[in-house]
Amino acid sequence: MALCDQRCVVIQGSNDRLDRSADHADRCLSFTQIFSTTGNPKLPSARKEALQALVKRPDSTEEAALVAHGMHLARTIGSPAYPAEEERLRERVQASIRRSFYPEGGTRHLAAILADGDRRKMVRGISVPTLVLHGEDDPLVPCEGGRDTAACIPDATIRTLPGW
């Protein structure tokens, strides 16, 4: 998320640093949070197969194995009702690997999310018009995470999407 010298609209995916939006609400005109959770420990966790796919290492560092691994991961944590077309998914995964292959990245990202803890108190400080978007069938961040995010932000609106 980039903060600008003037007031701006902030759109974030997943758990991309909700605290920045809370800390800099005076610089935001509005806020859209996509696929998020507050870190509330009472909320349901990701589906077992999604977590397993996230922590599983590729069979090798050869490009073909990395592409197969990336495609499996994308299919496992992606929108169940809107699967990506096979060739387009392959191209996207391959381009991502060629752009930047960092095997520890996914594990570190997951560890950072888990270590961030319960953000409900901080999220309550967001005071700009807020839209929370969340998939009703998200295998990685259950919809309850989005609902909890919206419930904690004063006057937030939530829109859930079936099959997403």
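**Figure 1. Going from the N terminus, the protein's elements run β-α-β-α-α-α-α-α-β-α-β.** That makes seven helices and four strands; here helices (H or I, at least four residues) and strands (E, at least two) are DSSP runs, numbered from the N terminus. Keep in mind that this is a predicted model, where local features need pLDDT of at least 70, side-chain atom pairs count only at pLDDT 80 or more, and totals for chains, interfaces and linings use all residues. Residues are numbered from 1 along each chain as its sequence is written, and side-chain values use heavy atoms, with hydrogens and water left out.

**Figure 2. Here is the whole protein, with its 164 residues, 34% of which count as buried.** Buried means under 20% relative accessible area, exposed over 50%, and partly exposed in between (1.4 Å probe, protein chains only). The protein exposes about 9800 Å², and carbon and sulfur atoms supply 52% of that; such areas come from the Shrake-Rupley method with a 1.4 Å probe, and for residues only the protein chains shown count as cover. Look at the contacts too (heavy atoms within 4.5 Å): among those with a separation of 6 or more, 63% come from residues 24 or more positions apart.

**Figure 3. Helix α3 (residues 63-77) packs against helix α4 (residues 86-99) at an angle of about 120°, with the axes 9 Å apart.** That makes α3 oblique to α4. For the labels, under 35 degrees is roughly parallel, over 145 roughly antiparallel, 65 to 115 roughly perpendicular, and the rest oblique. The axes are lines fitted to C-alpha atoms, for helices over the stretch in contact, and angles run from 0 to 180 degrees between N-to-C directions. On the α3 side, the contact includes L66, V67 and M71, while α4 brings in residues including L89, V93 and I97. In total, the contact residues split into seven nonpolar, two polar and six charged. Ala, Val, Leu, Ile, Met, Phe, Trp, Tyr, Cys and Pro count as nonpolar, Asp, Glu, Lys and Arg as charged, and the others, Gly among them, as polar.

**Figure 4. Zoom in on H69, which sits in helix α3.** H69 is buried, at a relative accessible area of 17%. Setting aside neighbours within four places in sequence, H69 is in contact with A53, K56, R57 and P58.

**Figure 5. Now for T157, found in strand β4 (residues 157-161).** T157 is partly exposed, with a relative accessible area of 32%. Not counting residues up to four places away in sequence, T157 touches T130, L131 and V132. T157 and P129 are 28 residues apart in sequence and 8.3 Å apart in space, C-alpha to C-alpha.
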